[in-house]
Amino acid sequence: MADARMPDFDALTRKIGLGGTDPASVRNRIQKLEHLLEGLFVIPGTKQRLGLDVILDIIPVGGGVISAIMGGYMVWEARNLGMPKHAYARMAGNVGLDALFGIIPFVGAIPDFFFRSNTRNLKIIKKHLDRHHPSTAIIDG
């Protein structure tokens, strides 16, 4: 029995479009996470996107760890989708390489700006979803 004082997090996540284990919900979640990590801001005068992944690399040690955990969440979602092991192994390699870049404070943000592991991982997941769950496909605008 649920405690009346405790918030219903499941209902809240469903309401804002983050709940559910169906492929469409997973696609929505990982797209929002990728946007947060890789495309939160656009650098004025350019089309280059910048997200928390690069910003967190400025924080010594902890920033890279947080970034790797958030990137690892995408790999976990891929595993839950039933993707082939080689696909999420490749995704884990992308996250690992990104974390390796992030070890060096400040300087690690430069290669991270160009090697967008989360965008690469999103493409891998989208390819799988488009092939195995075509009803989740949306037209990117």
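This is a predicted model: local features need pLDDT of at least 70, side-chain atom pairs count only at pLDDT 80 or more; totals for chains, interfaces and linings use all residues.
How many salt bridges does the count come to in this structure? The count comes to four salt bridges.

**Salt bridges**

| Residue | Partner | N to O distance |
|---|---|---|
| Asp130 | Arg27 | 3.0 Å |
| Arg49 | Glu34 | 3.2 Å |
| Glu38 | Arg116 | 3.3 Å |

In the pair formed by Asp130 and Arg27, the closest N and O atoms are 3.0 Å apart. This pair links distant parts of the chain, since Asp130 belongs to helix α7 and Arg27 to helix α2 (residues 23–38), 103 residues apart. Asp130 counts as partly exposed because its relative accessibility is 38%, a value between the limits of 20% and 50%. Arg27 has a relative accessibility of 4% and therefore counts as buried.

Arg49 forms a salt bridge with Glu34, with 3.2 Å between the closest N and O atoms. Arg49, at 30% relative accessibility, counts as partly exposed, whereas Glu34, at 6%, counts as buried.

The side chains of Glu38 and Arg116 also meet in a salt bridge. Glu38 is in helix α2 and Arg116 in the loop between α6 and α7, and the pair links distant parts of the chain, 78 residues apart. Both Glu38 and Arg116 are buried.

**The largest pocket**

The largest pocket holds about 210 Å³ of space. Its lining is made up of Met83, Pro84, His86, Ala87, Arg90, Lys123, Ile124, Lys127, His128, Arg131 and His132. Helices α5 and α7 each supply at least two of the lining residues. The greatest contribution comes from α7, which gives six residues to the lining.

**A nonpolar patch on the surface**

A nonpolar patch on the surface is formed by Ile58, Leu97, Leu100, Ile103, Ile104, Phe106, Val107, Ile110 and Phe114, which together have about 920 Å² of accessible area. The elements that give two or more residues to this patch are α5 (85–101) and α6 (109–114). One of the patch residues, Leu97, lies in helix α5. Leu97 has a relative accessible area of 35% and is therefore partly exposed.

**Two individual residues**

Asn121 is placed in helix α7 (residues 117–132). Is Asn121 buried or exposed? Asn121 counts as buried because its relative accessibility is 0%, and the limit for a buried residue is under 20%. Apart from its neighbours within four places in sequence, Asn121 is in contact with Met74, Met91, Asn94 and Val95.

Gly20 is found in the loop between α1 (9–15) and α2. With a relative accessible area of 36%, Gly20 is partly exposed. When its neighbours within four places in sequence are left aside, Gly20 is in contact with Ser25 and Arg29.

How values were computed: Residues are numbered from 1 along each chain as its sequence is written. Side-chain values use heavy atoms; hydrogens and water are left out. Patches are made of residues with over 30% relative accessible area and no salt bridge: like charges are joined within 9 Å, nonpolar side chains (Val, Leu, Ile, Met, Phe, Trp, Tyr) within 5 Å. Accessible areas come from the Shrake-Rupley method with a 1.4 Å probe; for residues, only the protein chains shown count as cover. Helices (H or I, at least four residues) and strands (E, at least two) are DSSP runs, numbered from the N terminus. Buried means under 20% relative accessible area, exposed over 50%, partly exposed in between (1.4 Å probe, protein chains only). Contact means heavy atoms within 4.5 Å. On a 1 Å grid over the protein atoms alone, a cavity is a set of points where a 1.4 Å probe fits but cannot get out, and a pocket is an open set with protein on both sides within 12 Å along at least five of seven lines; lining residues have an atom within 4 Å of a point. Grid points are joined across faces, edges and corners, and a volume is the space filled by probe spheres set on the points.
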